[in-house]
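Here are my notebook entries from an afternoon of looking things up.

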Amino acid sequence: MRIVRICCFSTDIRQKKEVRPIITAEDLYFSYTGAAPYLLDHLALHIPDGDYVSVVGDNGSGKTTLMRLILGFLKPTSGRIVLTAKRIGYVPQRNDFSNAAFPITVFEALDSYRRLIGLKDRSAIDDSLKQVNMAEHKNALMGTLSGGQAQKILLARAIMGRPELMILDEPSTGVDMNSQEEIYAFIKRLNTQSGLTIVSVEHNLDAAISNSTSIFHMTNGHGHMCTPRQFLEEFLNTSRREHDHA
Ligand SMILES: Nc1ncnc2c1ncn2[C@@H]1O[C@H](COP(=O)(O)OP(=O)(O)O)[C@@H](O)[C@H]1O
Ligand SMILES: [Mg+2]
């Protein structure tokens with residue numbers, strides 16, 4: 001893992017007040033076989049309403065699996081997850097959604113989602129496209145969009161149902177730098193201005209440190225919550241130890 005650029009820590013020092021948890025996971029065990037060894041092993045997670053939490057950890061550490069458990073796509077082998085959010089927006093990991101072979105337009109993609117979530121108001125499509133600056137691409141074929149544009153459509157889709165909680169899985173993967181800046185600024189605004197709770201799986205540590213209020217660092221089947229500053233110190237200490245032993 002490499003950090004390219006370190007930004008400010010303004011979010012670290014935000015005053016914490018007692019708020020209701022939006023996600024609580026306790027004593028969570030999960031394996032795809034339903035038996036040991038467990039991919040998630042006695043994991044606890046508490047996310048307060050209004051936070052912006054980045055979930056970080058090595059490839060294969062179970063970040064996507066944890067998101068699928070929170071979303072209810074997978075069931076815990078044991079333990080429990082309690083959500084207080086009724087409406088959840090989800091931006092899946094990009095290789096979960098290949099747009100290349102999609103012979104449908106942006107409008108059709110969003111309209112089918114609108115119908116799926118039972119939203120009557122068709123203007124929600126234009127509204128959400130406007131919010132991500134993609135209104136002029138409404139009739140474009142999904143397969144013709146760049147990585148950044150496709151990601152913005154997935155964001156537009158996720159906000160259409162006016163979620164209280166937004167779960168994103170590696171939102172900057174396959175996205176050019178300019179679109180990355182736009183996307184993170186948009187996610188941050190959803191958090192600070194609209195009060196959405198954000199849970200974002202990140203391999204982009206720079207974005208995690210710059211944007212999040214907390215970082216959930218996953219290792220060995222569980223994780224711990226830390227501030228971006230604490231995470232950076234842990235990261236630098238680990239890098240130093242690895243360097244000393246090299
Ligand atoms: N549907 C599945 N069936 C079996 N194993 C899976 C499945 N999905 C993921 N895995 C395995 O679970 C582990 C964790 O995967 P994942 O949650 O995608 O990790 P991460 O998102 O942290 O990279 C990996 O070893 C992966 O191969
Ligand atoms: Mg993943």
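Which strands does α4 lie across? I found α4 across β5 and β6, running at about 170° to β5. Here contact means C-beta atoms, placed from the backbone, within 7 Å; axes are lines fitted to C-alpha atoms, for helices over the stretch in contact, with angles from 0 to 180 degrees between N-to-C directions. Helices (H or I, at least four residues) and strands (E, at least two) are DSSP runs, numbered from the N terminus.

Before going further, I noted that this is a predicted model, where local features need pLDDT of at least 70, side-chain atom pairs count only at pLDDT 80 or more, and totals for chains, interfaces and linings use all residues. Residues are numbered from 1 along each chain as its sequence is written, while chains are lettered from A and ligands numbered from 1 in the order in which they are written.

Next I checked the sheet. It is open, with six strands in the order β5-β6-β7-β3-β8-β9 and mixed pairing (a pair needs at least two DSSP bridges). I marked β5 (88-91) and β9 as the edge strands, each pairing on one side only.

Then I looked at two pairs. β3 (residues 52-57) and β7 (residues 197-201) are parallel over four bridges, and Val55 has Val201 as its bridge partner in β7. β8 (residues 214-219) and β9 (residues 222-226) are antiparallel over five bridges, with Met218 partnered by Gly223.

Last, I looked up Ile167. Leaving aside neighbours within four places in sequence, Ile167 is in contact with Met67, Ile70, Leu71, Ile88, Tyr90 and Val199.

Technical notes:
Contact = placed C-beta atoms within 7 Å.
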